[in-house]
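Look at the structure first, then read the notes on its cavities and one of its pockets.

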Amino acid sequence: MKNLVNILKKYRVDVDSAITYGKYIAKIKPIFKKPATNKKLILVTATSPTPAGEGKTTVSIGLNDGLNKIGKSSIVAIREPSMGPVFGAKGGANGGGKSQVIPKEDIDFHFTGDMHAITAANNLIAACVDNEVYWNSSLNIDPNKIIWKRVVDMNDRGLRQITVTIDPKKNITYKTGFDITAASELMAIFCLSKNIDELANKINNIVVAYTKDNKPVYVKQLGITNAILKILHTAFYPNAVQSLEGNLALIHGGPFANIAHGCNTIITTNTAMNIADYTVTEAGFASELGAEKFIDIVTNELGKFPNAVVLVTSLRSLKLHGGQTGDLSIENIEALKNGFDNLQRHINNIKNFNIPFVVAINQFHTDTKNEINTIQKFLTQQKIPFSLCTNFANGSKGTTDLAKKVVTLCNKRSNPKRIYELADPLKTKVEKICKKCYGARKVIYSDLAQTKLKEFSKLKGYYVCMAKVPGSLTDDPTISVIDKPFDIHVKDIVLANGAKFIILLTGSIFRMPGLSKEPQAKKM
């Protein structure tokens with residue numbers, strides 16, 4: 001590894017204002033000014049994944065290395081890992097092979113403490129809400145109408161539902177639960193705030209409970225915003241590390257895309273665009289989740305659309321969503337061809353955004369020549385630009401073709417479009433996402449969801465944040481092959497007022513994941 005200070009100097013970053021964590025990790029001062037109009041932003045998304053993922057982060061890091069290799073000034077800006085998935089099914093989120101960000105274990109475990117800071121700030125709010133009830137304060141909070149949950153950065157299904165005892169003598173209790181830190185409203189606010197003042201304003205507007213006469217109680221009424229900002233002050237600085245090839249990577253913020261909006265912090269993307277000519281960022285999971293939220297939510301706050309989109313796919317994922325079971329490394333041309341329906345859905349999603357794009361085929365060593373020829377023939381017939389990426393094995397040499405194609409795409413003029421407009425009615429926004437991005441026939445609401453839909457429809461200018469399983473275009477994780485019409489089932493709707501999110505919980509989704517039967521924690 002190279003001394004990170006030397007890499008920062010190469011990128012003309014102010015090292016005197018950096019906070020260093022040894023030789024290889026630092027926090028750098030965020031740059032809040034609007035980047036020059038000629039700076040290019042590349043969004044990396046994917047087709048529907050396998051449980052192990054499809055190498056989207058690997059391609060993002062590899063593309064950044066490839067852009068630097070062909071002489072471009074480029075930075076990759078990605079999310080930081082949550083320890084939940086690290087110990088759960090997926091493992092780390094640092095890329096793989098020769099396209100990784102390092103030091104890997106430091107990034108996976110604790111890193112610079114951002115996750116802990118957000119967890120602590122979130123739980124301070126919860127403690128202060130309970131304290132207001134304990135002392136029977138003038139806020140007149142109804143303990144049965146406390147909606148703010150505690151969080152922890154771990155997959156712990158046992159905490160989904162708990163009973164909190166505020167005062168055992170007076171029998172003051174209420175039912176609540178924990179969410180994972182990555183799904184919290186505070187994480188969303190942290191990632192969507194352009195500066196400290198905006199962070200404070202969004203925190204102030206969080207609704208934490210309702211009074212006994214059903215009026216909302218806001219964080220600003222608790223009088224603790226300054227304390228929260230002190231906890232988050234250092235965390236708000238972007239984290240800087242390096243790729244295996246010594247190129248700068250900024251890793252900051254970590255919302256999941258299946259239960260949150262799935263993108264790194266706006267200040268990090270903005271900082272990267274101020275420093276380098278090209279910024280590579282990614283949105284979690286597939287295009288119907290992370291990319292949709294990036295286009296419909298993040299671009300509104302960032303003030304910029306991507307200049308190009310990279311749609312990552314793998315033969316493994318297409319075979320899975322084409323009906324292959326068992327070992328996905330086994331050649332299966334029929335399943336691969338069936339999986340082109342899934343690929344086409346995600347291609348159509350990017351076309352809906354009206355942004356130039358390229359398909360990146362993330363090659364695995366088990367992919368056969370016959371399979372590779374089959375997908376290349378399909379994309380050629382569809383007149384879809386593509387690039388075969390071998391960066392896992394070959395580093396930046398395996399992404400120079402992709403890098404050159406991305407540069408070309410970034411210079412094309414486009415007229416980007418969102419799936420919905422903020423002025424649309426809430427129900428219309430939901431239907432547009434479910435029908436245009438998922439391919440659903442209709443949206444079905446539970447009785448509880450219908451009641452909340454009516455209530456929240458009064459709110460104007462709020463984003464829709466869908467909480468849906470990532471491994472299927474449907475809301476059923478057992479359905480990988482879409483061979484008949486399907487509906488999306490909304491079981492509950494949650495308001496995140498500070499983030500201006502209306503979160504719709506679909507199917508069997510939880511905002512606190514559980515561990516898999518054989519979690520990664522057993523294999524370390």
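A search of the whole structure finds two cavities of 30 Å³ or more. A cavity is a set of points on a 1 Å grid over the protein atoms alone where a 1.4 Å probe fits but cannot get out, and lining residues have an atom within 4 Å of a point. Volume is the space filled by probe spheres set on the points, which are joined across faces, edges and corners. This is a predicted model: local features need pLDDT of at least 70, side-chain atom pairs count only at pLDDT 80 or more, and totals for chains, interfaces and linings use all residues. Residues are numbered from 1 along each chain as its sequence is written, and side-chain values use heavy atoms, without hydrogens and water.

**Largest cavity**
- Its volume is about 60 Å³.
- Lining residues include Glu 80, Phe 109, His 116 and Asp 153.
- The lining divides into six nonpolar (Ala, Val, Leu, Ile, Met, Phe, Trp, Tyr, Cys, Pro), three charged (Asp, Glu, Lys, Arg) and two polar residues (the others, Gly among them).

**Second largest cavity**
- This cavity has a volume of about 40 Å³.
- Among its lining residues are Ser 184, Cys 465 and Arg 511.
- Eight lining residues are nonpolar, one is polar and two are charged.

**Second largest pocket**
- A pocket is an open set of points with protein on both sides within 12 Å along at least five of seven lines.
- The second largest pocket has a volume of about 1,100 Å³.
- It is lined by 40 residues, and Ile 147, Lys 149, Lys 452, Asp 492 and Val 494 lie nearest its centre.
- The lining has 21 nonpolar, eight polar and eleven charged residues.
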